[in-house]
Amino acid sequence: MSDPPWPPPLTWPDQPLSDGVVLLDRFTETDVPRIILGCTDPASQRWLPLPSPYGEVEALTFVKSRAKAAAAGNELTFAVRDAADGVAAGALGLSQRGYHHEADIGYWTAPDRRGRGWTARAVRLVVRHAFATMPLRRIEILAAIGNVHSRAVAESAGGTFEGVRRHGLPTGDTDDAAVYSFIATDAAAGPP
Ligand SMILES: CC(C)(COP(=O)(O)OP(=O)(O)OC[C@H]1O[C@@H](n2cnc3c(N)ncnc32)[C@H](O)[C@@H]1OP(=O)(O)O)[C@@H](O)C(=O)NCCC(=O)NCCS
């Protein structure tokens, strides 16, 4: 009998994830204008390792490369949509850490949809899906110490602040990282 693949691949939910306010599914090429809006925003450019300038070519590369990473089971990049009309508000990526059944979550939300609690809703949905369907031990959010909005999302979604990981961002940036974690027994990982 052959060993199961290690680490286990991340798997898409059978149906889009939704709480009635946001709906999470896959990006398609029709989302390109929304991706450009989100990724050209100064805050996104400041805190994320994004190409600059960022246009149609970069957005199409994003859609294709994330689909490829998902097919390999390394990363699921969800389009976070307005459940009412399907417009893409932002992106949330769940990435395999490659060891000890750990994953991390990163996100951006387009400026016209910020401040509505949608990113925190998306984090909760993905954390629940991940612990309910995959053998993950731990999920982390690593936010730059000075990125107050990202840290507010992690806290609002129920992440536990553990401390500071010096020069510890997955982006390779030299900012220190605030570490937030979720484990399967956290209330945030359970039913609403
Ligand atoms: C960080 C980011 C994703 C937040 O998105 P958002 O959709 O506005 O966040 P939410 O509306 O879900 O807010 C969650 C919490 O953060 C707080 N918050 C969000 N934006 C805020 C702001 N501008 N001022 C004060 N608080 C803010 C909300 O009040 C909420 O807290 P609450 O639940 O206690 O009310 C968005 O600002 C962004 O895309 N930034 C650029 C990219 C980035 O920094 N990504 C993270 C890299 S680790």
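1. A residue is called buried if 20 or more other C-beta atoms lie within 10 Å of its own, exposed if 12 or fewer do, and partly exposed in between, with C-beta atoms placed from the backbone. Phe78 is buried by this definition, because 29 other C-beta atoms lie within 10 Å. The model under discussion is predicted: local features need pLDDT of at least 70, side-chain atom pairs count only at pLDDT 80 or more, and totals for chains, interfaces and linings use all residues. Residues are numbered from 1 along each chain as its sequence is written.

2. Helices (H or I, at least four residues) and strands (E, at least two) are DSSP runs, numbered from the N terminus. In these terms, Phe78 lies in strand β3. Two residues are in contact if their C-beta atoms, placed from the backbone, lie within 7 Å. Leaving aside neighbours within four places in sequence, Phe78 is in contact with Leu24, Asp25, Ala91, Leu92, Ala122 and Val126. Phe78 and Asp14 are 64 residues apart in sequence, and their C-alpha atoms are 13 Å apart in space.

3. A nonpolar core is a set of buried Ala, Val, Leu, Ile, Met, Phe, Trp, Tyr and Cys residues joined through C-beta atoms within 7 Å. The largest such core has 45 residues, and those with the most contacts inside it are Leu24, Phe78, Val80, Leu92, Ala122, Val123 and Val126. At least two residues of this core come from each of β2 (22-26), β3, β4 (88-96), β5 (102-109), α4 (118-133), β6 (138-144), α5 (148-156) and β8 (177-182). Helix α4 gives the most, with nine residues. As for Val80, residues up to four places away in sequence are not counted, and those that Val80 touches are Val22, Leu24, Ala89, Gly90, Ala91, Leu92, Thr109, Trp118 and Ala122.

4. Helix α3 (residues 56-71) has 16 residues and reaches 23 Å from its first C-alpha to its last, close to the 22 Å expected; the expected span is 1.5 Å times one less than the number of residues. Ala59, Phe62 and Ala70 are the buried residues of α3. Seen down the axis of α3, these buried residues fall within an arc of 50°, so they line one face of the helix; the arc is that of the directions from the helix axis to the C-beta atoms. They pack against α1 (32-40) and β3 (75-82). The face of α3 turned away from the buried side carries the exposed residues Glu56, Val57, Thr61, Lys64, Ser65, Lys68 and Ala71. Gly73, whose phi is positive, near 80°, follows α3.

5. In helix α1, the buried residues are Arg34, Ile35, Gly38 and Cys39. Viewed down the axis of α1, they fall within an arc of 120°, so they line one face of the helix. Their cover includes α2, α3, β4 and β5.

6. Helix α5 has Ser150, Val153 and Ala154 as its buried residues. These residues cover an arc of only 95° around the axis, which puts them on the same side of α5. What covers them includes α2, β5, α4, β6 and β8. After α5 comes Gly158, with a positive phi near 100°.

7. The ligand is surrounded by 22 residues, of which the closest are Trp47, Arg114, Thr119, Ala152 and Ser156; a residue is near a molecule or strand if its C-beta atom, placed from the backbone, lies within 6 Å of it. The elements α2 (42-47), β5, α4 and α5 each supply at least two residues of this shell, and α5 gives the most, with five. The shell divides into ten nonpolar, ten polar and two charged residues. Here Ala, Val, Leu, Ile, Met, Phe, Trp, Tyr, Cys and Pro count as nonpolar, Asp, Glu, Lys and Arg as charged, and the others, Gly among them, as polar.

8. Most residues other than glycine have a negative phi, and most peptide bonds are trans. A cis peptide bond joins Ser52 and Pro53, with omega about 5°, and Pro53 lies in the loop between α2 and α3. His167, a residue other than glycine, has a positive phi near 50°. His167 lies in the loop between β7 (160-165) and β8 and is exposed, because 10 other C-beta atoms lie within 10 Å.
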